Amino acid sequence: MKLEAAGRPTVLVATGEFRELADQTAHDLGMTDLRVVSVAHPIGGVDPDEIRRQADSVVDEVLTL
């Protein structure tokens, strides 16, 4: 969020469980237009190959935003 505030276009990637928190935090910081993409929860303790698959599944959305 600091990068976005500094004028660097960013996309926050959050797990579904934390999407609402990300949206609320952005709102509280006056960043209501912050771009957020959700991935499956959890990512901790997940096989690295599965994480890569999840990342691959949202690349186009991130690039579009």
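This is a predicted model: local features need pLDDT of at least 70, side-chain atom pairs count only at pLDDT 80 or more; totals for chains, interfaces and linings use all residues.
Student: How many salt bridges does the structure hold?
Tutor: The structure holds three salt bridges.

Student: What makes arginine 19 and aspartate 23 a salt bridge?
Tutor: Their side chains meet at 3.1 Å, N to O. The cut-off is 4 Å between a side-chain nitrogen of Lys or Arg and a carboxyl oxygen of Asp or Glu, so the pair qualifies.

Student: Where do arginine 19 and aspartate 23 lie?
Tutor: Both are in helix α2, which covers residues 19–28. They are four residues apart, about one turn of the helix.

Student: Why is arginine 19 called partly exposed?
Tutor: Its relative accessibility is 28%. Buried requires under 20% and exposed requires over 50%, so arginine 19 falls in between. Aspartate 23, with a relative accessible area of 34%, is partly exposed for that reason too, because 34% also lies between those limits.

Student: What makes aspartate 49 and arginine 52 a salt bridge?
Tutor: The N to O value is 2.8 Å. That is within 4 Å, so the pair counts. Aspartate 49 and arginine 52 both lie in helix α3, three residues apart, or about one turn of the helix.

Student: How do you know that aspartate 49 is partly exposed?
Tutor: The relative accessible area of aspartate 49 is 43%. Exposed would need over 50% and buried under 20%, so partly exposed is the class that remains.

Student: Why are arginine 53 and glutamate 50 separated by about one helical turn?
Tutor: Because they are three residues apart in helix α3. Arginine 53 has a relative accessible area of 49%, and glutamate 50 has 29%. Both residues are partly exposed.

Student: Where is glutamine 54 placed?
Tutor: Glutamine 54 is in helix α3, residues 48–64.

Student: Why is glutamine 54 called buried?
Tutor: The relative accessible area of glutamine 54 is 10%. The cut-off for buried is under 20%, so glutamine 54 is buried.

Student: Which residues is glutamine 54 in contact with, leaving aside its neighbours within four places in sequence?
Tutor: Glutamine 54 is in contact with Val39, Ala40, Pro42 and Ile43.

How values were computed:
Residues are numbered from 1 along each chain as its sequence is written. Side-chain values use heavy atoms; hydrogens and water are left out. Helices (H or I, at least four residues) and strands (E, at least two) are DSSP runs, numbered from the N terminus. Buried means under 20% relative accessible area, exposed over 50%, partly exposed in between (1.4 Å probe, protein chains only). Contact means heavy atoms within 4.5 Å.
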